[in-house]
Amino acid sequence: MLETVNLKKSLSKSAYQKAMPELQERLRKLQYATKAANVTTIVCLEGWDAAGKGPVVRKLTQKLDPRLFRVYPGTPPTPLEQRFHFLHRYQLNLPNYGEMAVFDHGWYRRVLEERCDKVVKKSEWRESYQQINEFERWLSDDGQVVVKFWLHISKKKQKQRFKKYLADPNLRWRITKDYLRHHSAYNKWIPAVEEMLAKTETSYAPWTVIEANDQRWAFVRIFEVLAQRMERELDRRSQEGSLPASAEKMSAQSQKTSRRKKNAKPASRANGRHHEATEAANA
């Protein structure tokens, strides 16, 4: 599965500088539209160490109203949290209706890090797939939008980013012993990642694999997918006649911006090699 991901996808600086402000404004409008419609958005960011999850969070929240979102870092469970079911601490952090929660590493720790580090028994992580699917189904049935990203980078790119961070005194703290150990076991993690993607891929909470070797490409792709998922839920409620008039108006304004962007003349080349600017804009 992952070997077919095209990690050569990239976006030129000029194309990125044109696309990102429009996407940020589109999401800002959608944030208020979903608030008016009581649509809750839950973003789960998973991926390799140094794949860019932190920069995605910073870029994502740069223009959003801080009153309407919360970001939760992917920390190991505390001794108290270990006394409860592994999903319990995530349930406690679910957002209010109309708000957004961003999980930088979410409930997939059980079937990835804890599995690969052998922190939990095989029987425990194997049964977690169904529990995760049931949890996400419950969220979806409640009308909440669950958006899941896997940020994929090559082992070579991961090593390059580690070296870059280690060379900078201000960034060196990012590279922990666990990061280095996981990097050495990169190829052993591949089957666990692929099994996770396959067993938790559902119609109500699908995965989007992001080609993240190029950070500009990753940013634009994530913003596009997130906006599309939020707009889809607003459209669904509009068709059902359950969307408030204020939310209907704000949603229309956001999608007008989206259509104007798609009709604009696209950049023909990205970084002189890949014709990906159009694909990113219209994904």
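Predicted model: local features only at pLDDT ≥ 70, side-chain atom pairs only at ≥ 80, totals over all residues.
Biologist: Is Asp104 buried or exposed?
Modeller: Asp104 sits in strand β3. Buried means under 20% relative accessible area. Asp104 has 19% relative accessibility, so Asp104 counts as buried.

Biologist: How far is Asp104 from Gly74 in space, C-alpha to C-alpha?
Modeller: In sequence, Asp104 and Gly74 are 30 residues apart. In space, C-alpha to C-alpha, the distance is 5.4 Å.

Biologist: What kind of aromatic pair do Trp107 and Phe135 form?
Modeller: The whole structure holds 14 aromatic pairs. In the pair of Trp107 and Phe135, the planes stand at 90 degrees and the centres are 5.2 Å apart. Planes over 60 degrees apart count as edge-to-face. So the pair of Trp107 and Phe135, with 90 degrees between the planes, is edge-to-face.

Biologist: How many residues apart in sequence are the parts that Trp107 and Phe135 tie together?
Modeller: Trp107 lies in the loop between β3 and α4 (113-116). Phe135 lies in helix α5 (residues 122-141). Both residues, Trp107 and Phe135, are buried. The pair ties together parts that are apart in sequence by 28 residues.

Biologist: Why is the pair of Phe135 and Trp138 tilted?
Modeller: Phe135 and Trp138 both lie in helix α5, three residues apart, about one turn of the helix. Their ring centres are 6.0 Å apart. Planes under 30 degrees apart count as stacked and over 60 as edge-to-face. The pair is tilted because the planes stand at 40 degrees.

Biologist: Is Trp138 buried, partly exposed or exposed?
Modeller: Phe135 is buried, at 4% relative accessible area. For Trp138 the relative accessible area is 46%.

Biologist: What is the volume of the largest pocket?
Modeller: The largest pocket is lined by 38 residues, and the closest to its centre are Asp49, Lys53, Gly74, His105 and Tyr179. By class, the lining of the largest pocket has 17 nonpolar, ten polar and eleven charged residues. The volume of the largest pocket is about 850 Å³.

Biologist: Which element gives the most to the lining of the second largest pocket?
Modeller: The second largest pocket has a volume of about 320 Å³. Of its 18 lining residues, the closest to the centre are Phe84, Phe86, Arg110, Glu114 and Val120. Two or more residues of this lining come from each of α3 (88-92) and α5. The element that gives the most, with four residues, is α5.

Biologist: How many residues of the lining of the largest cavity are charged?
Modeller: The largest cavity holds about 30 Å³ of space. Its lining is Gln31, Thr34, Thr41, Leu68, Gly98, Glu99, Met100 and Met230. Three of these residues are nonpolar and four are polar. The charged count is one.

Conventions. Residues numbered from 1 in each chain as written. Heavy atoms only, no water. 1 Å grid on protein atoms, 1.4 Å probe; cavity = no way out; pocket = protein on both sides within 12 Å on 5 of 7 lines; lining within 4 Å. Points joined across faces, edges and corners; volume = space filled by probe spheres on them. Nonpolar A, V, L, I, M, F, W, Y, C, P; charged D, E, K, R; others polar. Phe/Tyr/Trp six-rings, centres within 6.5 Å; stacked < 30°, edge-to-face > 60°. Buried < 20%, exposed > 50% of the residue type's maximum accessible area, 1.4 Å probe, protein only.
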